[in-house]
Number of protein chains: 2
Amino acid sequence: MEDKKIKNMEEFASVSGISRPTLSKFFNDPASVRASTRRRIEAALEQYDYRPNLYAINQNRRLTKNIGVVVPYLSDPFFAEIARTIEAHVLETGYRPVLLGSHGNADQEIENLESLRLLKPAGVLLAPLGRASDRNRIAAFGQEVPTVLFDANIEETGAAFVGSNNGQSIDLIVDYLCRTGEPPAFFEMKEPTNPNAFKRRNAYIEAMERLSLTPHLIQAAGEGWEFEEIGFREGTRVVRDRNLPTNTILCSNDRLAIGFLSAAYEAGVRVGLGPDCTMRVAGHDNHPFSRYTCPTLTTVSQDYEAIAQKSAETLMALIEAQTPPDSRRETLFDGRLVMRGSA
Amino acid sequence: MEDKKIKNMEEFASVSGISRPTLSKFFNDPASVRASTRRRIEAALEQYDYRPNLYAINQNRRLTKNIGVVVPYLSDPFFAEIARTIEAHVLETGYRPVLLGSHGNADQEIENLESLRLLKPAGVLLAPLGRASDRNRIAAFGQEVPTVLFDANIEETGAAFVGSNNGQSIDLIVDYLCRTGEPPAFFEMKEPTNPNAFKRRNAYIEAMERLSLTPHLIQAAGEGWEFEEIGFREGTRVVRDRNLPTNTILCSNDRLAIGFLSAAYEAGVRVGLGPDCTMRVAGHDNHPFSRYTCPTLTTVSQDYEAIAQKSAETLMALIEAQTPPDSRRETLFDGRLVMRGSA
DNA sequence: ATTTAAAATTTACGCGCGTAAAGTCATTTC
DNA sequence: GAAATGACTTTACGCGCGTAAATTTTAAAT
């Protein structure tokens with residue numbers, strides 16, 4: 001087909017016999033022109049290789065069809081997975097997702113937002129780093145660009161938040177663990193980078209107290225995003241010392257649990273439900289790799305799909321409304337218990 | 001500082017007392033103006049909040065400062081890691097990386113290239129899917145845009161290729177395994193998606209024959225990119241049937257090995273070097289999670305850093321030369337043996 | 001066949017910046 | 001101090017498309 005290259009819309013107008021303003025309308029929304037002319041244009045598009053110049057288009061629009069998607073760490077399969085799902089939902093709505101990772105770095109996070117601002121995006125879906133984030137600058141960005149936060153909440157920032165109901169999910173797993181064995185100790189980082197970690201800690205304590213049990217926190221030192229390494233290090237210590245009031249460990253997230261399980265294995269401690277097992281370990285998130293740990297990891301699944309869909313949906317509504325929302329809305333999705341071999 | 005918003009370069013010219021063409025030169029290359037005027041501009045930039053409009057800039061350039069980076073699967077920590085490293089190198093050279101994942105899908109891969117073409121990138125770094133890739137269209141793209149392939153090679157396509165020396169790395173691990181125990185069988189997918197898999201298979205066969213040993217292939221059925229799942233499924237079968245001529249398994253890549261190890265654990269087969277172990281397993285790639293398998297995975301590390309740096313470097317040279325290279329160059333980096341607990 | 005509303009065309013301007021040409025100014029060289 | 005070189009300013013055009021206004025065509029409704 002593709003007979004010859006067309007340089008610009010003017011040229012395409014002359015070869016297709018359609019006026020340029022009509023073509024412009026067509027490319028902005030094919031449904032906005034009469035069905036018969038639409039067919040004529042589409043026929044011409046099959047003959048000639050033409051696509052409108054992206055930069056010329058966006059220069060004249062106040063807002064583009066770009067949607068920024070920022071996650072704290074692209075190498076983390078959890079975020080990679082959720083980014084991928086969000087990407088698909090954004091594409092469905094006819095927008096162009098621009099995916100950026102913050103590499104666990106607050107400066108990079110701000111740079112990503114700055115870089116997005118130049119793209120004049122219609123909106124941004126942002127999963128903030130959490131504690132390390134420059135909250136003021138993120139809030140300022142949220143004032144200028146329609147922004148929906150997901151995964152990690154920052155109060156009063158952005159137009160909405162979509163995430164997991166950590167209270168419910170921790171309740172769920174604590175109840176399960178208590179029902180089926182000894183009550184769990186809670187294994188976490190001493191200074192978590194992520195606000196969800198704080199919520200989970202508090203939810204654990206409340207859940208235990210509700211059951212008239214004494215909460216027990218195991219707090220690992222360590223900075224950064226090498227959670228497996230931290231879980232491994234602290235897990236090795238815990239297993240060696242053997243001074244726990246319980247044989248059951250609930251990890252604040254699956255990546256810590258993966259490291260912990262590795263440590264237990266190395267130390268020769270059998271984890272799981274079998275008769276020769278001396279310890280139970282559970283996680284949180286249903287990390288893509290939690291199916292392949294040894295033993296397979298019992299955990300609470302976050303509803304990736306729902307979070308992705310709702311975030312995208314909320315942002316779209318925000319964009320189409322063209323007006324800041326009356327009030328900031330927070331949506332939380334319940335977790336689902338995933339019973340596997342480790343607890 | 002940031003007194004007031006400046007609308008465009010014209011306005012910034014009047015408030016800063018510098019002519020617009022000079023400003024234009026400055027923003028394209030700060031070193032291209034006299035040091036004294038450069039200081040004046042930079043001083044003005046601290047007072048006024050102005051950044052050139054990205055779209056207007058790129059509309060008038062034949063090529064932009066964008067560098068496309070395409071990987072087959074962003075959720076795979078291996079590619080996430082290498083993408084991240086490449087991204088950093090691209091940024092260093094003053095270009096803007098645009099990261100796209102193909103989701104294991106050939107159509108998506110082509111769409112990514114199409115989408116990049118609209119961005120008028122200065123060059124593209126592409127890790128193709130492999131067997132599934134539409135080789136013709138990728139080759140055609142390589143004719144139009146300076147393109148360097150990495151990780152997976154496609155003959156005659158793109159201006160250069162940078163990857164791992166699978167021959168050397170498989171030799172290395174086969175030698176090691178033979179030196180320290182029974183010679184390995186090779187565990188792989190029957191119809192690999194990735195050309196490296198074929199190279200590794202052949203390298204294994206050659207290495208075995210060189211040692212006057214009989215190669216033994218275990219080929220798992222299965223499509224797609226769920227390598228752990230395939231490794232788990234086939235691993236379960238292998239362990240159950242117990243009709244192997246050897247107790248040592250060399251997996252074509254770490255993700256298969258991760259699934260295999262999980263299967264062995266579930267089946268109660270001890271893997272490793274200890275006296276109670278009945279099997280050895282090795283992998284290839286030094287996948288970020290191979291440190292946390294049970295037992296930890298002995299593998300061959302690909303030189304991520306070297307591949308990333310060399311790819312970026314090669315592309316930059318290509319871009320600056322502004323002329324298609326005299327001949328296509330292939331660069332292969334040696335692997336490094338990583339001895340851990342599994343073999 | 002006539003009216004009418006919707007859609008397409010013609011014409012024209014603007015977006016913000018790259019860039020070329022000619023002229024002016026500052027800095028270096030002898 | 002004059003000449004020469006380089007840096008800057010002024011002026012002006014073009015990039016490809018969005019979009020507004022006025023006009024004409026088309027298709028549907030009476």
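Predicted model: local features only at pLDDT ≥ 70, side-chain atom pairs only at ≥ 80, totals over all residues.
Visitor: Which residues make the contact between α1(B) and α2(B)?

Guide: From α1(B) come Met9(B), Glu10(B), Phe12(B), Ala13(B) and Ser16(B), and from α2(B) Arg20(B), Leu23(B), Ser24(B) and Phe27(B); contact means heavy atoms within 4.5 Å. By class, the residues are 5 nonpolar, 2 polar and 2 charged (Ala, Val, Leu, Ile, Met, Phe, Trp, Tyr, Cys and Pro are nonpolar, Asp, Glu, Lys and Arg charged, the others, Gly among them, polar).

Visitor: Is Met9(B) buried or exposed, and how do you know?

Guide: Met9(B), in helix α1 (residues 9-16) of chain B, has 14% relative accessibility. Buried means under 20% relative accessible area, exposed over 50%, and partly exposed in between, with a 1.4 Å probe and protein chains only; Met9(B) therefore counts as buried. Beyond four places in sequence, Met9(B) touches Arg20(B), Leu23(B), Ser24(B), Phe27(B), Tyr50(B) and Pro52(B). Its C-alpha atom is separated by 61 Å from that of Phe187(B), 178 residues away along the chain.

Visitor: Why does Ala13(B) count as buried?

Guide: Because its relative accessibility is 10%, Ala13(B) passes the buried criterion. Ala13(B) also belongs to α1(B), and its contacts outside four places in sequence are Ile18(B), Ser19(B), Arg20(B) and Leu23(B).

Visitor: What makes α8(B) oblique to α9(B)?

Guide: The axes of α8(B) (residues 166-180) and α9(B) (residues 195-210) come within 8 Å and cross at roughly 45 degrees. That angle makes α8(B) oblique to α9(B). Among the residues in contact are Ile170(B) and Val174(B) of α8(B), and Ala203(B) and Tyr204(B) of α9(B). By class, this contact has 6 nonpolar, 3 polar and 5 charged residues.

Visitor: Which residues touch the most other members of the largest nonpolar core?

Guide: They are Val281(A) and Val281(B), in a core of 104 residues. A nonpolar core is a set of buried Ala, Val, Leu, Ile, Met, Phe, Trp, Tyr and Cys residues joined through side-chain atoms within 4.5 Å. A second, separate core of 34 residues includes Val124(A), Leu100(B), Leu116(B) and Ile138(B). Contacts of Val281(B) beyond four places in sequence include Ile249(B), Phe260(B), Leu297(B) and Ala343(B).

Visitor: How many helices and strands are there in chain A?

Guide: Chain A has 12 helices and 12 strands, counted as DSSP runs (helices H or I, at least four residues; strands E, at least two) numbered from the N terminus. Of its 343 residues, 54% count as buried, and its C-alpha trace spans about 80 × 40 × 30 Å along its principal axes.

How values were computed: Residues numbered from 1 in each chain as written. Chains lettered and ligands numbered in written order. Heavy atoms only, no water. Axes fitted to C-alpha atoms, helices over the stretch in contact; angles between N-to-C directions. Parallel < 35°, antiparallel > 145°, perpendicular 65-115°, else oblique.
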